[in-house]
Amino acid sequence: MGRGRVQMKRIENPVHRQVTFCKRRAGLLKKAKELSVLCDAEIGVVIFSAHGKLYELATKGTMQELIERYGKYTGGPPADEPMVEPMQDAKKEIEMLKQEIEILQKGLRYMFGGGCEYMSLNELLVLEKHLEIWINHIRSTKMDIMFQEIQMLRNKIEENISNTDFTTMTTNMMHPLTIANNIF
């Protein structure tokens, strides 16, 4: 019996879901090991089950060493460095958003002549970036509306064509597709 195509959606039966998880987890880890051996690649795989259980694989060294190497490569914080508290991170984000709003408001006043404010190069660059984003959004919305209108017109044309009866058309010419000699 051949394998059927599996529909990618959540398995509702918890027993079947757990069996599938175990089989696919084992298959994934096996493939990672094979790739490591065949291609001499350093691979790290981290899996958390639905119940929160951790499964990990580091083909060379430890997972901690692999994570530290990843952090160095991506410029992230070292694994032993304490994480920034979420509250401090949220405060930084709030400050950045306040500054961005202030620059945008200043830019609007500048564009509409509501003030004689001077804008720095950085402020103008931020404003330009936001204007480009807005223009792209407007163009995208415009294209969506135009596509909908074109589709509506196509539907009307198809509806008109399907309602037209071409068999009842008559002509007074003997051969309507031939051109009479006396024209030329």
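Biologist: What is the volume of the largest pocket?

Modeller: This is a predicted model, in which local features need pLDDT of at least 70, side-chain atom pairs count only at pLDDT 80 or more, and totals for chains, interfaces and linings use all residues. Residues are numbered from 1 along each chain as its sequence is written, and side-chain values use heavy atoms, leaving out hydrogens and water. A pocket is an open set of points on a 1 Å grid over the protein atoms alone, where a 1.4 Å probe fits, with protein on both sides within 12 Å along at least five of seven lines. Taking volume as the space filled by probe spheres set on points joined across faces, edges and corners, the largest pocket has about 400 Å³.

Biologist: Which residues are the closest to the centre of the largest pocket?

Modeller: The largest pocket is lined by 16 residues (those with an atom within 4 Å of a point). The closest to its centre are Ile-11, Arg-17, Gln-18, Thr-20 and Phe-21.

Biologist: Which helix gives the largest share of the lining of the largest pocket?

Modeller: The chain has 4 helices (DSSP H or I runs, at least four residues) and 2 strands (E runs, at least two). In order from the N terminus, its elements are α-β-β-α-α-α. The largest share of the lining, 6 residues, is supplied by residues 14–39, that is, helix H1.

Biologist: What is the phi of Asp-40?

Modeller: Asp-40 is located in the loop between H1 and E1. With a relative accessible area of 58%, Asp-40 is exposed (over 50%). Most residues other than glycine have a negative phi. Although Asp-40 is not a glycine, its phi is positive, at about 55°.

Biologist: What percentage of the residues of the chain count as buried?

Modeller: The accessible surface of the chain is about 16,900 Å² by the Shrake-Rupley method with a 1.4 Å probe, and carbon and sulfur atoms account for 60% of this surface. Of the 184 residues of the chain, the buried share is 11%.

Conventions:
Buried < 20%, exposed > 50% of the residue type's maximum accessible area, 1.4 Å probe, protein only.
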